[in-house]
Structure formats: C-alpha cells, structure tokens
Amino acid sequence: MMTKKYKRIFGIVLDSVGTGEAADAAKYGDVGSDTLGHVGEAYKGDLKIPNLQKMGLANLRDKPILGVDKVDRSLGYYGKMKEISAGKDSMDGHWEMMGLPVEQALSTFPNGFPNSIIKQIEDFSGRKVIGNRPESGTKIIAELGEEQMKTGDLIVYTSGDSVLQIAAHEDVIPLEELYRICKFARSIVNGPEYIVGRIIARPYVGPDKNHFTRTANRHDFTLEPTGTTDLDYLQTAGVHTVGIGKINDIFSGHGIDEGYHNESNMDGMDHVDHVMAEDFEGFCFTNLVDFDAMYGHRRNPIGFGQALMDFDKRLERVLNNLKDDDLLLITADHGNDPGFTGSDHTREYVPLLAYSPSMSQTDSLGVRDTFADFGATILDNFDVTGNPVGTSFLDKLK
C-alpha cells in the first residue's frame, strides 16, 4: 500500500449551508436561492466568521457575502461542488459525497400521503393519524400538539423532500413505541410503488402549544444504501471510520466503525474534539444539523447566522489541534436558504474548504462536477478503490 498523504481526514458537513443557486436550480423552483448570501444580507455587515473567511469561504463565490470579505491568501484550498443526484435532501447529498449518487427521484407527497400508507400505520400502531400534509414541524406541532396529547394520535407530516415524519409528545407516546412505529413505516415505503428517503421520529415536550419544543431524541430511519458507499470500501480496507451526528442514520450504520449522536452543533463539535484527541488512522465524518433543522426550515436568517458564528469560534480550536498529517474538509449537503420562499431545502452549490498545517500552497479547487469528488479524494488518500464516480483532488493539495 502507498504511503498515506494524510493519516487522518476530518470531514465536517455544515448541514444546509449552500453557497448560491445551482445550475439546475430552475428544475427545483430554487432560482434566486443563496443561503450564505442571504444570511449575510440579514446581518447587514455584522456577520463575523473570521476562520471560515480566512479559509476562503468568500473567495469561492462570485457574489459577495456581506461582512465576509475575500482574502488575498487563503488558509488552504477552496472551491465549490455541484450535486448530480435527483434530489436535494441530506440523504442525497451525503450518499453522493460517498460515491453513490441518487439517480432516481424519491417519492414526494405534496398532497399528503395516500390512504394505503396511512391505513397501514394506523392498523400497526392502533392509533389514529392526524395532519397528513406538507408542513413545518414546529407549526404543525403547535397546531395539533394539544389534540395529540389528549387523544394519543400520531401527527404525520411531510415537506418538499422525500420524508415521512411522525411527531408525538414524549409523555403520551414513549420513545420506544414511537421508534417502533417509525421502523414499521420504514418497512412499507422501500418500493416499488413508493420509495421514501427518510422516516423521522419527531418527539416533543411541553405543556401546551405555546411551550412545545422538539427534543434531541429525533431519530432518522433512512433508506438503506442502494449500493456500496465509500464508507463501506474504507471499512473493508481496514480504514477506521467514525460517524458524528446524523451520519450513522443517513447510512443506516453501514461502513461506520464508531458512531456518536449529537444533541446540538456544539455537542457535535465536542465529539469532534474528542475524536481528534484519539490516536487513529482513518476518516471522521461529521454532520452538524442545527443550521438546517433549527434555522433553515424555519426561515430564520438571524439564528442561522448566529449558528455560523458559533461554529466559527469552535472551528478555531479544530484548526489549532490539527496535526501536520491531518486533513480538514468542510462542505455542505445542500442549501436551505432562510431568506428564500417556502420552508424546504434549496438546490445550491456547496462550499468546499480543505486545510492541513502541512500545506505550503493555496489555490482554488474550482467547481467540482459532483459531490462524489469529496469521497474520491478520501479513497485516494488511503489507496482504496471504490465506485468509479468522482475525481480526486488530492494531488492538488500541496
């Protein structure tokens, strides 16, 4: 086996932090979307993310980010990636990053779920389904949560993505029961008639509609990967793989040796710090979901920007703790523009930032033709052969 260029690679996905409408945005109704641009506008020049800035976050864009200037010499390399998958969900983005683009569009339900699905869930659970429409989670829980507490019904809803979400108060339906119902729902939408990307358990707590909050006990029951991913190839080759946050759910545990559940972005960064302190050779894959779940879908650009600034502060610790033979890759899985219409993900390019203390040069990585270039680079570093999708940029990192 060749000598590894980097002993450890840390990949951090800033969930939904897109960087401008993709070339095919019109196909998705997302012309004009720009997550980073609109967050900057909302802050009117007060968005301060110095570590992402020095890594070249503004340099990879054609349009400026208000308050975040381009730098003359970036820390490491910068570019952006475009998605080729037939969707704009977290599953699509992460699978494509790991060499498995989603070629067939998954089922979506703009008019709610058909009776055939709802009846099976009701028959299995012995509980009535209420809701059954596309809606913001916080809104539908505020509207139907008190009824759900009285009746023990299941709040079922969806979004513009391929998801079936089931919400229930933790004091009314125990987590184990909710998970069991979601696992059953997972089993009935794996095709051929309906193929749903994710079943999401959405437990909440609180005494009334003015005080309901969704808890960190959310659990995603994701479609099993339809093929071998780069994580599988790495694991089979003996490369240690770590998943932090939603990663384990997104890949249904496949190809992951060690997993950590996140309570929040900051909890996720605690896990990153923990893993960085360990002595291992391999790949640590992290998803930080607060940008998406708490601010993007809720169209809250101020909260989104604060989450970026909070992450940026923690990023400084990561940069300081990187060893010469470590590589840090920062990207996103799609956009979720809090300054855009609706409440769904947006089809955007995603940032690509690469840094190691051993780098002596800096340059643009350009526009990558697919998210799969991310995984291809990791495979290349560990001399592992995987799917013939994506082009490694390892040789550009100097």
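The model is predicted, with local features requiring pLDDT of at least 70 and side-chain atom pairs counting only at pLDDT 80 or more, while totals for chains, interfaces and linings use all residues. Residues are numbered from 1 along each chain as its sequence is written, and side-chain values use heavy atoms, with hydrogens and water left out.

Select Ser-16 to begin, in the loop between strand S1 (8-14) and helix H1 (35-43); helices (H or I, at least four residues) and strands (E, at least two) are DSSP runs, numbered from the N terminus. Although Ser-16 is not a glycine, its phi is positive, at about 85°. Ser-16 has a relative accessible area of 0% and is therefore buried, where buried means under 20% relative accessible area, exposed over 50%, and partly exposed in between (1.4 Å probe, protein chains only).

With neighbours within four places in sequence set aside, Asn-51 contacts Asp-312, Leu-315, Glu-316 and Leu-319, contact meaning heavy atoms within 4.5 Å.

Then select Asn-132 in strand S3 (residues 129-134), another residue that is not a glycine and has a positive phi, here about 55°. Asn-132 counts as partly exposed, because its relative accessibility is 21%.

Finish at Gly-191 and Pro-192, which are joined by a cis peptide bond with omega about 0°. Pro-192 belongs to the loop between helix H6 (175-187) and strand S6 (198-205). As background, most residues other than glycine have a negative phi, and most peptide bonds are trans.
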